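Please look over the sequence and the structure shown here, and then follow this report through its helix contacts, its aromatic rings and its backbone geometry.

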Amino acid sequence: MLRKLTLVFFILLAGGAAAHGNLKLINGRWYDGSGFVPKTMYSVEGVLRTSFDGQARVVDLGGRFVIPPFGDAHNHAFGDDTNLERELARFLRAGVFYVKNPNNSASLANAVRPHVNKPESVDVIYANGGLTKAGGHPSQIYAPLGERFADAYVTVDSEAELAAKWAGILAGRPDFLKIYLQHSEDAATNRGLKLALLPAILERAHRDGLTVTAHVTSAADFHAAVAAGVDEIAHLPLGTITEADATLAARKKITVVTTLLSHRPDEGFKDQRANLTLLERAGVNVVLGVDSGHLVVEEAHAVGQLGVYTMPELLHLLVETTPRTIFPKRKIGRLDDGYEASLLALDGNPLEDPSAMGRIVTRIKQGHLLEVPPDTVTEEQRRNAEGYALLNHVRFDDAIALFRENTAKFPQSSNAWDSLGEAYMGAGKRDLAIESYRKALELNPKNTNAEAMLKKLRGE
């Protein structure tokens, strides 16, 4: 069972994220794109300045290493208000200030919008419902969840249907358009859009000021997306791309998002060293993103293990390339005069010790000094979230195994049993789902979700 939003976090965070006037930031070692330079900087009305003669509150950075905040170009967080307070704290604590959500329910995101894109919060852009064919990906994820996620995807099978649905797509106020290609090379296994529709979709999107991000699975999908001229490709494909496609992607200025840390089959990752090498050699704009419960710093470490990028290059991807790709019209990603006064002060030099990126001492966002609540997520909650990530990717057996481990370790947790019941129900194992929900209700008679699910499963 997932918990709903409370106001506690926002009251706490708003109280600790005041823009206490202008700031004089002393004793910091500031990242200049290649190394760290000791100097004093100012935050004046939320903007960095190298000099300022007015009144300013002094913030002593204690000799720490100052870098811009991190960006994540592919994360499904903040799609609804479930666990929102915890997710906001988790991302701010990790220094991830900029997020691109590549698919979500437009209506459910409306509950989140008042709490994001503010100086004391995380900045998020949304695709809202992505375009796919009838029965295509990600319908297998959202359809079982019922009407609540009815607008998490839009099915389009002809140009006439695209024309009929276009006004509704725009009415959802997407920040960009997401399209799905999945095994376009094989009619029998294709779970994405018909390739013949791509020119019409791109023409309409670009005409209305929307960039287009293409979800791809195979190397053939990657080729089709490049040939069509999409603006961004979400996921390195499970398969090896060609040098010709990498070169064409560079010429068309197409961005590629990594997502090594995803719930797709692990065997596909053996191709990614070759793919990233080709993309890097061709000069393609590569950015970092995850498709799992991980944080983008972990994605950077995973990419780093492939040996394609040096640590300075990875840091550049994290703090400049990825944030500025998400918000191309904003002055972020650098610590220069005139840029937004958003920064992280680290207890260590990340160029020498990558683990320092996890040791953030000071967080400032648009001139607001943030005081983020400490991490109170329990092991049970963390494992529960991992299980739901698996569940959301229709990996029922894996989710069941993880939830079963959670109930074994925390047998008195009603929430753990409730989650196991949901996994069993998704897998069509009715009797086991009833047993799990019954146990959840025994442990907590006020568990209304378990009570409702039991009635549903029993046909009451």
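## Helices H8 and H9

In this predicted model, helix H8 (residues 243–251) packs with helix H9 (residues 272–282) at an angle of about 45°, and their axes are 9 Å apart. That angle makes H8 oblique to H9, and H8 passes H9 in a right-handed crossing.

The residues that meet are Glu243, Ala246, Thr247 and Ala250 on the side of H8, and Leu278, Leu279 and Ala282 on the side of H9. Divided by class, the residues of this contact are five nonpolar, one polar and one charged.

## Helices H5 and H6

Two packed helices are described by the angle between their axes and the distance between the axes. For helix H5 (residues 159–171) and helix H6 (residues 198–207), the axes come within 10 Å and cross at roughly 20°. This makes H5 roughly parallel to H6, because angles under 35 degrees count as roughly parallel. The crossing of H5 and H6 is right-handed.

From H5, the residues Glu159, Leu162, Ala163 and Trp166 take part in the contact, and they meet Ala200, Ile201, Arg204, Ala205 and Arg207 of H6. The contact of H5 with H6 is made up of six nonpolar and three charged residues, with no polar ones.

## Helices H14 and H15

The axes of helix H14 (residues 414–426) and helix H15 (residues 430–443) come within 8 Å and cross at roughly 160°. H14 and H15 are therefore roughly antiparallel to each other, and their crossing is left-handed.

On the H14 side the contact includes Ser414, Trp417, Asp418, Leu420, Gly421, Glu422, Tyr424 and Met425, while on the H15 side it includes Leu432, Ala433, Ser436, Tyr437, Lys439, Ala440 and Leu443. By class, nine nonpolar, three polar and three charged residues make up the contact of H14 with H15.

## Aromatic rings

A pair of aromatic rings is described by the distance of the centres and the angle of the planes. Counting rings whose centres lie within 6.5 Å, the model has eight aromatic pairs. In one of them, formed by Phe36 and Phe65, the ring centres are 5.2 Å apart and the planes stand at 90°, so the pair is edge-to-face. This pair links distant parts of the chain, since Phe36 belongs to strand E2 (residues 36–44) and Phe65 to strand E5 (residues 65–67), 29 residues apart.

Both Phe36 and Phe65 are buried. Tyr31 belongs with them as well, as ring pairs link Tyr31, Phe36 and Phe65 into a cluster.

Which residues of helix H2 (residues 84–93) are buried? They are Leu84, Glu87, Leu88, Ala89, Phe91 and Leu92. Just after H2, Gly95 takes a positive phi of about 80°.

In the loop between strand E6 (70–72) and H2 lies Asn83, whose phi is near 55°, a positive value in a residue other than glycine. Asn83 has a relative accessible area of 15% and is therefore buried, the limit for that class being under 20%.

## Backbone geometry in other loops

Most residues other than glycine have a negative phi, and most peptide bonds are trans. His183, in the loop between strand E11 (177–180) and H6, has a positive phi, near 60°, in a residue other than glycine. With a relative accessible area of 28%, His183 is partly exposed.

A cis peptide bond, with omega at about 15°, joins His137 and Pro138. Pro138 lies in the loop between strand E9 (130–132) and helix H4 (139–142).

## Val377 and its contacts

Where in the chain does Val377 lie? Val377 is found in the loop between strand E18 (368–370) and helix H12 (379–392). If its neighbours within four places in sequence are left aside, Val377 is in contact with Arg86 and Arg382. The C-alpha atom of Val377 is separated by 37 Å from that of Thr155, and these two residues are 222 residues apart along the chain.

Note on methods
Residues are numbered from 1 along each chain as its sequence is written. This is a predicted model: local features need pLDDT of at least 70, side-chain atom pairs count only at pLDDT 80 or more; totals for chains, interfaces and linings use all residues. Side-chain values use heavy atoms; hydrogens and water are left out. Axes are lines fitted to C-alpha atoms, for helices over the stretch in contact, and angles run from 0 to 180 degrees between N-to-C directions. Helices (H or I, at least four residues) and strands (E, at least two) are DSSP runs, numbered from the N terminus. Angles under 35 degrees count as roughly parallel, over 145 as roughly antiparallel, 65 to 115 as roughly perpendicular and the rest as oblique. A crossing is left-handed if the near helix is turned anticlockwise from the far one by less than a right angle, and right-handed if clockwise. Contact means heavy atoms within 4.5 Å. Ala, Val, Leu, Ile, Met, Phe, Trp, Tyr, Cys and Pro count as nonpolar, Asp, Glu, Lys and Arg as charged, and the others, Gly among them, as polar. Rings of Phe, Tyr and Trp (its six-membered ring) pair if their centres lie within 6.5 Å; planes under 30 degrees apart count as stacked, over 60 as edge-to-face and the rest as tilted. Buried means under 20% relative accessible area, exposed over 50%, partly exposed in between (1.4 Å probe, protein chains only).
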